[in-house]
Amino acid sequence: GAGADVERVVTAGSHLFETVQLRAGGVEVPVEVSARLVTVDGERVCAAVVRDVTERHRAQAELEATVAT
């Protein structure tokens, strides 16, 4: 779950994982999160980049369907 992903960022210093976020209106969106601990003004904080991977998942499903036929 999300708690385990956050813990991994803290213990390893960085972590790349996929999860689901909610858009306005409650629409679920698969995302890839690249998180890293960084030091800013002497304080450790988590910086993260979140990417929508909807298209990647669609392309992967299409490829798998093509290979299966």
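The model is predicted: local features need pLDDT of at least 70, side-chain atom pairs count only at pLDDT 80 or more, and totals for chains, interfaces and linings use all residues. Residues are numbered from 1 along each chain as its sequence is written, and side-chain values use heavy atoms, with hydrogens and water left out.

**Core and pocket**

The largest nonpolar core has 6 residues: V9, F17, V29, V31, V33 and A35. Such a core is a set of buried Ala, Val, Leu, Ile, Met, Phe, Trp, Tyr and Cys residues joined through side-chain atoms within 4.5 Å. Strand β2 (residues 28–40) supplies the largest share, 4 residues. Helices (H or I, at least four residues) and strands (E, at least two) are DSSP runs, numbered from the N terminus.

V33 sits in strand β2. V33 counts as buried because its relative accessibility is 8%. Buried means under 20% relative accessible area, exposed over 50%, partly exposed in between (1.4 Å probe, protein chains only). Beyond four places in sequence, V33 touches H15, L16, F17, T19, A48, V49 and V50. Contact means heavy atoms within 4.5 Å.

The largest pocket has a volume of about 170 Å³. Its lining has 13 residues, and D5, V6, V9, F17 and V33 are the closest to its centre. Helix α1 gives the most to this lining, 5 residues. On a 1 Å grid over the protein atoms alone, a pocket is an open set of points where a 1.4 Å probe fits, with protein on both sides within 12 Å along at least five of seven lines; lining residues have an atom within 4 Å of a point. Grid points are joined across faces, edges and corners, and the volume is the space filled by probe spheres set on the points.

**Salt bridges**

The structure holds 6 salt bridges. Each is a side-chain nitrogen of Lys or Arg within 4 Å of a carboxyl oxygen of Asp or Glu. Three of them are listed here.

| Pair | N to O distance |
|---|---|
| E32 and R51 | 3.1 Å |
| R56 and E32 | 3.1 Å |
| R58 and E62 | 2.6 Å |

E32 is buried, with a relative accessible area of 11%. R56 lies in helix α2 (residues 54–68) and E32 in strand β2, 24 residues apart. R56 is partly exposed at 39% relative accessibility. R58 and E62 are 4 residues apart in helix α2, so about one helical turn separates them. Shared partners join E18, E32, R51 and R56 into one salt-bridge network.
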